[in-house]
Amino acid sequence: MKKNLLITGGAGFVGSNLAVFLNGRLADYRVVCLDNMQRRGTQLNAARLKDHGIRLIKGDITNSKHLARLGRVDLIVDCAAEPSVLAAHQEPRKAIQSNLIGTLNCLEFARRSQADFVFLSTSRVYPVAALEEIPWEELPTRYDWKKDASGTGYSYEGITRQFPLSGVRSLYGATKLCSEHLITEYLDMYKLRGVINRFGIIAGPWQWGKEDQGVVGFWVARHKYKNPLSYIGYGGTGKQVRDALHIDDVCELVLLEIGQMERVDRQLFNVGGGRKNSFSLCELTGQVSTITKSVIPLASVAETRPHDLRIYIADNSFITKQTGWAPRRSLENILSDTSQWIDGHFQKLAPFLS
Ligand SMILES: NC(=O)c1ccc[n+]([C@@H]2O[C@H](COP(=O)([O-])OP(=O)(O)OC[C@H]3O[C@@H](n4cnc5c(N)ncnc54)[C@H](O)[C@@H]3O)[C@@H](O)[C@H]2O)c1
């Protein structure tokens with residue numbers, strides 16, 4: 001008999017891509033998705049899941065009865081969350097419900113089923129002020145950390161999981177960090193197996209990027225549909241830096257973790273595109289313009305939004321050492337795959353992306 005793999009947030013960007021990817025590759029698992037369908041675009045992801053023969057149940061992880069109705073599960077990949085820093089500021093109770101109480105319900109469900117647990121956490125668990133204090137310099141097209149920058153949990157290559165956790169990080173980051181603590185306790189107390197991945201920016205097809213979340217997809221979509229964009233914060237020059245990880249690299253990592261659960265059990269990883277896949281917003285504009293052959297108006301907003309970051313790049317060295325995994329796709333791959341995805345469904349995606 002097949003085992004049951006539950007993906008919460010399974011109609012979201014990461015969850016739906018994972019479902020499609022894992023469904024074809026884990027012969028002994030039946031993939032089931034659960035989603036409250038609140039995020040814009042989930043209905044299109046739902047149609048894609050249906051096309052692949054994957055069961056999607058409308059339900060909310062904040063309601064433990066919705067989870068109990070699923071019966072027994074053997075593995076939970078928890079992708080359900082309100083993933084926006086700004087949205088969590090605007091509706092803190094809702095974010096805490098989904099991102100923390102929701103995770104608690106998933107853990108209780110895992111405890112009853114003795115299920116393995118894969119958690120999608122975030123680089124946003126790291127405190128803002130400490131990240132901003134890393135020595136940086138202004139280069140012609142980007143801010144960057146100084147080449148000799150080095151301290152506990154950071155170097156020029158990026159942020160490691162040793163980075164100190166004391167300080168304010170945003171409510172979104174706080175809910176995810178609290179969830180991590182709960183997961184650690186549950187794994188220990190109830191002898192469950194699980195792994196925590198602190199991801200930076202993930203991007204690629206089937207992401208419904210918006211101004212406050214999913215910046216890479218948002219940038220590509222704005223160019224495709226010829227909508228204006230703004231550089232927001234840090235003087236409005238577009239020099240703030242991030243790294244981006246292709247969704248297919250994420251899917252390969254989760255597949256590897258499921259297959260090597262004994263090895264990754266109780267581990268906590270920093271995961272991201274890394275320095276090779278880093279970009280500033282104005283560099284991104286150049287690359288996206290080339291790929292989409294589109295130039296759009298770009299405004300500037302000097303004022304920095306609360307809890308924004310000047311630079312974030314993940315250091316993948318620990319996860320690579322432990323598992324052999326490393327990002328295989330470049331930023332250019334991410335941008336061209338996202339651009340081709342929009343080309344392939346231009347009219348259908350327009351109401352969600354333009
Ligand atoms: N996308 C990224 O760049 C990124 C980076 C780091 C971490 N993450 C984490 O990865 C996970 C997936 O993110 P994503 O980019 O796919 O976001 P997403 O918004 O596309 O997907 C989240 C899904 O969860 C659903 N959802 C929200 N609250 C729910 C609830 N209470 N019950 C059931 N479903 C609910 C939403 O409808 C949505 O479909 C999140 O936990 C997020 O924190 C994402």
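## Strands around E14

Let's start with a pairing: strand E12 (residues 201–203) runs parallel to E14, and three bridges join the two. Strands here are DSSP runs (E, at least two residues) numbered from the N terminus, and two strands pair if DSSP finds at least two bridges between them. Within this pairing, Ala203 sits opposite His246 of E14. E14 also pairs with strand E16 (residues 278–280), this time in the antiparallel sense and again over three bridges. There, Asp243 stands opposite Ser278.

A word on the model itself: it is predicted, so local features need pLDDT of at least 70 and side-chain atom pairs count only at pLDDT 80 or more, while totals for chains, interfaces and linings use all residues. Residues are numbered from 1 along each chain as its sequence is written, and side-chain values use heavy atoms, with hydrogens and water left out.

How many residues of strand E14 (residues 241–246) are buried? Six of its six are, where buried means under 20% relative accessible area, exposed over 50% and partly exposed in between (1.4 Å probe, protein chains only). Both faces of E14 are covered, with Val241, Asp243 and Leu245 on one side and Arg242, Ala244 and His246 on the other.

## Two nonpolar cores

A nonpolar core is a set of buried Ala, Val, Leu, Ile, Met, Phe, Trp, Tyr and Cys residues joined through side-chain atoms within 4.5 Å. The largest one has 37 residues, and Leu5, Ile7, Val14, Leu18, Leu22 and Val77 touch the most other members. A second, separate core of 28 residues includes Ala203, Trp208, Trp219 and Leu229.

## Val77 and Val118

Contact here means heavy atoms within 4.5 Å. Leaving aside neighbours within four places in sequence, Val77 is in contact with Leu5, Leu6, Ile7, Thr8, Leu18, Val118, Leu120 and Val254.

Val118, one of those partners, belongs to strand E5 (residues 116–122). Its relative accessibility is 0%, so Val118 counts as buried. Beyond four places in sequence, Val118 touches Leu75, Ile76, Val77, Asp78, Val195, Asn197, Val254, Glu257 and Met261. For Val118 and Val195, 77 residues apart along the chain, the C-alpha atoms are separated by 5.1 Å.

## A three-stranded sheet

Strands E8, E9 and E10 form an open sheet in the order E8-E9-E10, with antiparallel pairing. E8 (150–151) and E10 (158–159) stand at the edges, each with a single partner strand, so one side of each has no neighbour in the sheet. Two bridges link E8 to strand E9 (residues 154–155), and Ser150 has Ser155 in E9 as its bridge partner.

## Cavity and pocket

On a 1 Å grid over the protein atoms alone, a cavity is a set of points where a 1.4 Å probe fits but cannot get out, and a pocket is an open set with protein on both sides within 12 Å along at least five of seven lines; lining residues have an atom within 4 Å of a point. A volume is the space filled by probe spheres set on the points, which are joined across faces, edges and corners.

The structure holds one cavity of 30 Å³ or more, and the largest cavity has about 30 Å³ of space. Leu131, Glu132, Ile134, Trp136, Trp145, Arg310 and Ile311 line this cavity.

The second largest pocket has a volume of about 300 Å³. Of its 16 lining residues, Gly273, Gly274, Lys276, Asn316 and Pro327 are the closest to its centre.

Key. Helices (H or I, at least four residues) and strands (E, at least two) are DSSP runs, numbered from the N terminus.
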